[in-house]
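Subject: Structure handover

Hello,

I am passing this structure on to you, with my notes on it below. Please look at it first and then read on.

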Amino acid sequence: MLQNAILEVGDDGRIVSLTSDALNTREVNSLQMHSGIILPGLINMHQHLELAALQGAIPQGIGLPGFIKEMADLRSSGTLHDAGLEKSRALDAIMYGQGIQAVLDISNTVDTIEIKKTSQIYYHTMLEIFGVRPVDASTIWSSAQQMLTCFSQSGLAAGISPHSLYALSQLLFNKLQLKPEALYSIHFMESMHEKEWLQEGSGELGTLLQEKSKMFSQPKFHDLISWLRDITKASRLVMVHNTCVDREIVELLFNNLNRQEVYFCLCPQSNMYIENTLPDIELLRKSGANIVIGTDSLASNSSTYFIDELKLLQRFNSNLSVVEILTWSTSNAARALGLSHLLGSFVPNSKPGVVLLENINLAEMKLTNESRFRRLL
Ligand SMILES: [Zn+2]
């Protein structure tokens with residue numbers, strides 16, 4: 001981090017230069033002074049834009065199996081469709097206003113294409129597939145491919161990824177084809193129920209999945225890890241939530257996967273909303289894991305503000321410095337998107353956006369209750 005720096009930006013938002021000689025500066029036309037930290041645009045690595053209308057629709061603290069059940073009921077009742085996309089469009093504007101420059105967005109439909117096409121935010125859409133009934137596997141796969149074509153024809157970055165390592169029949173799992181130099185995003189170890197099901201084949205989550213399909217057979221955990229390993233040979237992998245990731249799982253992942261290509265995405269407010277717990281952030285930091293941050297959808301988050309994720313992280317991990325969490329929110333995330341040359345840092349000629357973080361405790365490099373992001377450019 002540079003102190004007393006001058007960031008020179010062209011009329012079109014392109015970075016011209018970044019220098020640290022502000023104390024010796026000469027008179028410069030249109031020079032603005034700001035107190036706080038100036039950073040490139042933020043990157044939200046986990047959002048479900050199409051679920052914005054579900055804010056407050058699902059009670060807090062009901063655990064992952066309860067949340068999945070509520071979500072399935074809302075989807076099948078048509079509530080989501082009836083609510084329309086006004087809240088999604090509003091959320092897009094709120095995110096941009098607070099300085100979010102790029103979003104890795106999970107979608108189950110093509111409904112957000114028009115919003116994304118006209119947005120000032122760069123979206124990479126992950127078309128999510130899940131399904132426990134083997135009979136549905138072909139339909140789910142071909143529908144995802146059709147949606148992918150719609151996004152691609154609209155000039156939007158997109159890919160297909162399973163929702164998680166559970167909720168995936170063996171037949172659907174067999175259909176997953178890996179693309180090189182791509183991006184994958186998977187909800188991972190979001191609750192103890194998921195861990196119990198994946199590792200031991202038992203528990204409440206398994207019961208719920210087997211209720212949905214008597215024919216459901218879960219792919220072996222070993223095969224799933226091999227599949228993740230194959231992803232990281234040539235692509236980047238974002239593991240979302242990691243709430244129940246312990247030392248044993250970190251070792252399993254790092255011993256099998258290409259760890260440079262694995263990104264651990266924290267969604268702290270969502271974890272508190274659903275499970276009332278947070279991931280072991282110290283474990284991830286000490287393991288040298290690549291960390292990024294997402295807000296998750298408004299179905300599991302009562303705030304639309306990215307800064308609230310950072311405040312929550314710092315409240316429970318008092319040794320986290322602002323610089324470290326800003327690195328997770330900018331340059332780490334840009335690397336995960338494969339866009340380091342365009343986003344997440346002040347590279348000359350790039351247009352990463354310019355954001356001011358104000359009202360911070362600069363002496364201790366900590367956020368305060370009043371800290372907030374404000375887009376400058
Ligand atoms: Zn999610």
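The largest nonpolar core has 95 residues. A nonpolar core here is a set of buried Ala, Val, Leu, Ile, Met, Phe, Trp, Tyr and Cys residues joined through C-beta atoms within 7 Å. A residue is buried if 20 or more other C-beta atoms lie within 10 Å of its own, exposed if 12 or fewer, and partly exposed in between, with C-beta atoms placed from the backbone. The residues with the most contacts inside this core are Met45, Val238, Met239, Cys265, Val292 and Leu337. Val292 touches Met45, Val238, Tyr263, Cys265, Trp328, Asn332, Ala333 and Ala336, with residues up to four places away in sequence not counted. Two residues are in contact if their C-beta atoms, placed from the backbone, lie within 7 Å.

Before going further, two notes on the source. This is a predicted model, in which local features need pLDDT of at least 70 and side-chain atom pairs count only at pLDDT 80 or more, while totals for chains, interfaces and linings use all residues. Residues are numbered from 1 along each chain as its sequence is written.

Domains

The domain assignment gives domain 1 (1-33) and domain 2 (39-375); such bounds come from an automatic or database domain assignment. The C-alpha centres of domain 1 and domain 2 lie 35 Å apart. Contact between them involves 9 residues of domain 1 and 8 residues of domain 2. On the side of domain 1 that touches domain 2, strand S1 (6-9) and strand S2 (15-19) each supply at least two residues. S2 gives the most to that side, with 4 residues. The residues of that side of domain 1 divide into 6 nonpolar, 2 polar and 1 charged. In this count Ala, Val, Leu, Ile, Met, Phe, Trp, Tyr, Cys and Pro are nonpolar, Asp, Glu, Lys and Arg are charged, and the others, Gly among them, are polar. Helices (H or I, at least four residues) and strands (E, at least two) are DSSP runs, numbered from the N terminus.

Sheets

An open sheet of 4 strands has the order S4-S5-S6-S7, with parallel pairing. Two strands pair if DSSP finds at least two bridges between them. The edge strands are S4 and strand S7 (157-162), each of which pairs on one side only. Neighbouring strands of this sheet are turned by 20° against each other on average, direction ignored. Axes are lines fitted to C-alpha atoms, for helices over the stretch in contact, and angles run from 0 to 180 degrees between N-to-C directions.

Strand S4 (residues 42-47) is largely enclosed by the rest of the structure, because 6 of its 6 residues are buried. S4 and strand S5 (residues 100-107) pair in the parallel sense over 4 bridges. In S5, Ala102 is the bridge partner of Ile43, and Val103 is the bridge partner of Asn44. Helix H5 (residues 137-153) lies across strand S6 (122-129) and S7, and runs at about 170° to S6.

Another open sheet, of 3 strands, has the order S3-S12-S13 with antiparallel pairing. Its edge strands are strand S3 (37-40) and strand S13 (366-375), each pairing on one side only. The twist averages 30° from one strand to the next. S3 is joined to strand S12 (residues 354-361) by 4 bridges, and the two run antiparallel. Leu356 in S12 is the bridge partner of Ile38.

Single residues

His193 is found in helix H7 (residues 192-200). His193 counts as buried because it has 23 C-beta neighbours inside 10 Å. Leaving aside neighbours within four places in sequence, His193 is in contact with Gly63, Leu64, Pro65, Gly203, Glu204 and Leu205. His193 and Gly203 are 10 residues apart in sequence and 6.3 Å apart in space, C-alpha to C-alpha.

Asn242 is not a glycine but has a positive phi of about 60°. Asn242 sits in the loop between strand S9 (236-241) and helix H10 (247-256), and is buried, with 27 other C-beta atoms within 10 Å. Asn349, also not a glycine, has a positive phi of about 80°. Asn349 lies in the loop between helix H15 (331-337) and S12, and is exposed, with 10 other C-beta atoms within 10 Å.

Regards
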